[in-house]
Amino acid sequence: LTETIFVVDDNDINLAVAEDGLEKEYNVVTLPSGKRLFEMLEKLMPSLILLDIVMPEMDGFEVIKRLKSSPKYKSIPVIFLTGTGDEATENLGYALGAADFIHKPFSASILQQRIRLQI
Amino acid sequence: VAVDPYLQKLATQDINRALLVLQPLLSNQNWSDSDYHNYIIYTHGMKSVLANIGLSASAAMAGELEELGKRQDIDTILQKMPRFICELNVIAGQNHATTTIEADAPKGAPAIWQIQSKKLAYACRTYDKNAAKTALAVLAAFAWPCEEKNKISKAKELLLHSEFEAIELVLNSTKGDS
């Protein structure tokens, strides 16, 4: 069975680029917000979540806090997709339970390698 | 840099969404915390959107503006932002003009529509994105009357946001449905 990966980002082009890089190997479910992520989690369990940090309404940190505090979802690895390379952001992300960080814009091969390390 | 027309279209949508938030901020010199918050979210977003379509200088400008927002340096922001807004408008305008060229696609037949839309509906019910994309791609390879063409286009948009249930509704809708 093909493993499912959720990608959460408020910009459509980032969703499309991630999907394009991963769809040969995975079932890539692309979602435009944290709200849609939690709706989809009720229906389908992913092997991994690629999560943008800076988003309107619910940001990536709020999303990961909710995921990691849920017994049902806390074991899903979360990789942050970030356009910011600062240490404080990454430290906070790891403290909240992130498995890794990938910097945008990313290459498909790097994305695939980093995901393989997690699942 | 040659960019896939589909990605250009998505970038244009992202840019237009950002412009809706950023443009009105130009006429205001007293930004609230919420204004700064929104400004940072959308300049940050533009950084990766512009980089994804190969516009690295504009992406760098977005990054610079984002940093100014974090420092709440309103004077420099208002000095530099008009040029950036202007660039975004130009990029969105150029991309908007790039319409997809329809090749001499074969005419779609009702049987093709029926089979592929069944496949699409099943893929949506099982949350199988790849199968849904394949069925949509097959449908899109044919020339259809306006109503079906609009359904394909709407389904594509919905699929990017994984709105699986809504895709089935679109497929099954008939003229006059809201």
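Me: Before we look at the sheet, what makes two strands count as a pair here?
Reply: Two strands pair if DSSP finds at least two bridges between them. The model under discussion is a predicted one.

Me: How many bridges join β1 and β3 of chain A, then?
Reply: Four bridges link strand β1 (residues 4-8) of chain A to strand β3 (residues 48-52) of chain A, and the pairing is parallel.

Me: Which residue of β3(A) is the bridge partner of V7(A)?
Reply: The partner of V7(A) is L50(A).

Me: And what is the strand order of the sheet as a whole?
Reply: The sheet in chain A is open and has five strands in the order β2-β1-β3-β4-β5, with parallel pairing. Its edge strands are β2 (27-31) and β5 of chain A, each of which pairs on one side only. From one strand to the next, the twist averages 20°.

Me: Staying with β5(A), how many bridges join this strand to β4(A)?
Reply: Strand β4 (residues 78-82) of chain A and strand β5 (residues 100-103) of chain A run parallel and are joined by four bridges. Within this pair, D100(A) in β5(A) lies opposite I79(A).

Me: Over to chain B. What is the angle between α1 and α2?
Reply: Helix α1 (residues 5-25) of chain B packs against helix α2 (residues 33-52) of chain B at an angle of about 150°, and their axes are 10 Å apart. Angles over 145 degrees count as roughly antiparallel, so α1(B) is roughly antiparallel to α2(B). Their crossing is left-handed.

Me: Which residues meet there?
Reply: The α1(B) side includes A11(B), I15(B), A18(B) and L22(B), while the α2(B) side includes Y39(B), Y42(B), M46(B) and L50(B). By class, the contact of α1(B) with α2(B) comprises eleven nonpolar, two polar and three charged residues.

Me: What about α5 and α6 of chain B: at what angle do they pack?
Reply: Helix α5 (residues 110-125) of chain B and helix α6 (residues 129-140) of chain B pack at about 160°, with 8 Å between their axes. These two helices, α5(B) and α6(B), are therefore roughly antiparallel to each other. The crossing of α5(B) and α6(B) is left-handed.

Me: Which residues make up that contact?
Reply: Among them are W113(B), Q116(B), K119(B) and L120(B) in α5(B), and A132(B), A135(B) and L139(B) in α6(B). The contact of α5(B) with α6(B) has ten nonpolar residues, one polar and one charged.

Terms used: Residues numbered from 1 in each chain as written. Chains lettered and ligands numbered in written order. Predicted model: local features only at pLDDT ≥ 70, side-chain atom pairs only at ≥ 80, totals over all residues. Heavy atoms only, no water. Axes fitted to C-alpha atoms, helices over the stretch in contact; angles between N-to-C directions. Parallel < 35°, antiparallel > 145°, perpendicular 65-115°, else oblique. Left-handed = near helix turned anticlockwise from the far one by under 90°. Contact = heavy atoms within 4.5 Å. Nonpolar A, V, L, I, M, F, W, Y, C, P; charged D, E, K, R; others polar.
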